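Me: I've got a new model open and I'd like to learn how to read it feature by feature. Can you walk me through it?

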Amino acid sequence: MPEAAASAVSDTPAVAGPLREFWQSYAQNRGAIIGVTLVLLLIALALGADFVAPHPPNEQYREFTLTPPMWDEGGSSRFVLGTDPVGRDMLSRLIHGTRLSLVIGFISVAISLVIGVTLGLVAGYFRGLTETVIMRLMDVMLALPSLLLAIAVVAILGPGLANAMYAIAIVLLPHYVRLTRAAVIAEAGKEYVASSKIAGAGTWRLMFNTILPNCTAPLIVQATLGFSSAILDAAALGFLGLGAQPPTPEWGSMLASALEFIQRAPWVVTYPGLAILVTVLAFNLMGDGLRDALDPKLKR
C-alpha cells in the first residue's frame, strides 16, 4: 500500500513554476524567439564593443575615404563594411552606435517609466481633481506628434545627447501614465485591496506594495515596446542635428552626415538604416511575445 501511494506521487507531474510557465508560453511565438535572440546579440555587441570593433570608432584613415565594402570592387578586407566620407570604419561605428542606442533607450524608458508610474498611481488611486489635472495634461501631450514634441523640448533645452534623452522620456511619459491609471482603477476595486485596508494598510503601502505589483505585466510590455520608440526618436533627433553631435557614432547622425553621398557611396546610408530597422524590429517582436505570454486572455 505505501508503495502504491509512493508510485502515485512519483507519477504526478510536477507543477511548473511561474518562470517555466512563462517561458513555455513565450516560446510558442517564433517571432518573439527571434526578437529576444536579436536583442541578446545587440546587448552582447554593446557590452563588448571595445573588443569586438576592429577599429576605434572615430579613427580617420584619410587614404581610405569612402572605401566600399570588402565584397565590392575596390573594397578592402581591412574595412568589412567600408568607410565613411572621412575614412572611419563603418562596422566599428555601427557597433559602438549599438551601445549608444541601447543606453539612450534604457535611460529614456527608465526616466519615463518611474515618473509615469508615479503619476498614474496618484491619478488612479486618488481620482477627482488630481486625476483630472494629470490626465488633461497627458491628453495635451498626446495631441502633439511625438517627434514634434521631442523637437520642441530639445529646442528649449538645447541640442545634445542628454537633452535628447530627456525629450524622449517626456514623449513616452503619457503612455505609462494612462496605462498605470487604467490598471490601478481596475485593481483598486478588488477584494484584496479592501482586505488590506481593513488590515490597516496606509495609503502609500496600498499604492506601492499592494496595487502596483499587480499592474506590472502591461508596464513591462509597454517598456519593451518603448525601447523601439526611444531608439527611433533618438535616430530622428540625431538626423536633424538635435541629438548626439558629431563625431559621436550615433546611427541617426551617421545618416545625416552621409546623406549627400547616397548615390556615390550608398553603403554609408544603408547600414545605419539597417541597424535601426533590425533593432526596432527586434524589440517589437520581443514586446509582442511578452504581451502574449503575460496577458492571460491572449494565452493559447
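Me: Where is the place of Thr203?
Reply: Thr203 sits in helix 10. Keep in mind that this is a predicted model.

Me: And how do I decide whether Thr203 is buried, exposed or partly exposed?
Reply: You look at relative accessible area: under 20% is buried, over 50% is exposed, and partly exposed is in between. Thr203 has a relative accessible area of 33%, so Thr203 is partly exposed. Leaving aside neighbours within four places in sequence, Thr203 is in contact with Tyr125 and Phe126. For a sense of scale, Thr203 and Arg78 are 125 residues apart in sequence and 63 Å apart in space, C-alpha to C-alpha.

Me: Which residues does helix 9 use to meet helix 10?
Reply: From helix 9 (residues 191–198) come Tyr192, Val193, Ser196 and Lys197. On the helix 10 side they meet Leu206, Thr210 and Ile211.

Me: How do I read the geometry of that pair?
Reply: Take the angle, the axis distance and the handedness in turn. Helix 9 and helix 10 (residues 203–211) pack at an angle of about 140 degrees, and their axes are 11 Å apart. That angle makes helix 9 oblique to helix 10. As for handedness, helix 9 passes helix 10 in a right-handed crossing.

Me: What is the angle between helix 5 and helix 6, and how far apart are their axes?
Reply: Helix 5 and helix 6 pack at about 140 degrees, with axes 7 Å apart. That makes helix 5 oblique to helix 6. Here the crossing is left-handed. Helix 5 makes the contact through Leu119, Val122, Ala123 and Phe126, while helix 6 contributes Gly128, Thr130, Glu131, Ile134 and Met135.

Me: What should I look for in the loop between those two helices?
Reply: Check phi. Most residues other than glycine have a negative phi. Arg127 lies in the loop between helix 5 and helix 6, and its phi is positive, near 55 degrees. With 37% relative accessibility, Arg127 counts as partly exposed.

Me: Which other non-glycine residue has a positive phi, of about 55 degrees?
Reply: Leu66 does. Leu66 is in the loop between helix 4 (49–52) and helix 5. At 11% relative accessibility, Leu66 counts as buried.

Me: What does Pro85 touch, leaving aside its neighbours within four places in sequence?
Reply: Pro85 is in contact with Thr65, Leu66, Phe261 and Val268. Pro85 is also placed in the loop between helix 4 and helix 5, and counts as partly exposed at 24% relative accessibility. Pro85 and Arg99 are 14 residues apart in sequence but 22 Å apart in space, C-alpha to C-alpha.

Me: Is Ser108 buried or exposed?
Reply: Ser108 is buried, with a relative accessible area of 0%. Ser108 lies in helix 5 (residues 90–126). Not counting residues up to four places away in sequence, Ser108 touches Met165, Ile168, Ala169 and Ala230.

Me: How do I read the two sides of a helix?
Reply: In helix 7, Leu149, Ala150, Val153 and Val154 are buried. They cover an arc of only 135 degrees around the axis, which puts them on the same side of helix 7. On the other side, Ala155 and Ile156 are exposed. The cover over the buried residues includes helix 6 (128–143), helix 8 (161–188) and helix 11 (216–239).

Me: How far does helix 7 reach from its first C-alpha to its last?
Reply: Helix 7 (residues 146–157) has 12 residues and reaches 17 Å, close to the 16 Å expected at 1.5 Å a residue. Helix 11 has 24 residues and reaches 34 Å, close to the 34 Å expected.

Me: What follows helix 7, and what comes just after helix 11?
Reply: Helix 7 is followed by Gly158, with a positive phi near 105 degrees. Just after helix 11, Gly241 takes a positive phi of about 85 degrees.

Me: Where is there a cis peptide bond?
Reply: Most peptide bonds are trans. Here a cis bond joins Pro246 and Pro247, with omega about 5 degrees. Pro247 lies in the loop between helix 11 and helix 12 (251–257).

How values were computed:
Residues are numbered from 1 along each chain as its sequence is written. This is a predicted model: local features need pLDDT of at least 70, side-chain atom pairs count only at pLDDT 80 or more; totals for chains, interfaces and linings use all residues. Side-chain values use heavy atoms; hydrogens and water are left out. Helices (H or I, at least four residues) and strands (E, at least two) are DSSP runs, numbered from the N terminus. The expected span of a helix is 1.5 Å times one less than its number of residues. Buried means under 20% relative accessible area, exposed over 50%, partly exposed in between (1.4 Å probe, protein chains only). The arc is that of the directions from the helix axis to the C-beta atoms. Contact means heavy atoms within 4.5 Å. Axes are lines fitted to C-alpha atoms, for helices over the stretch in contact, and angles run from 0 to 180 degrees between N-to-C directions. Angles under 35 degrees count as roughly parallel, over 145 as roughly antiparallel, 65 to 115 as roughly perpendicular and the rest as oblique. A crossing is left-handed if the near helix is turned anticlockwise from the far one by less than a right angle, and right-handed if clockwise.
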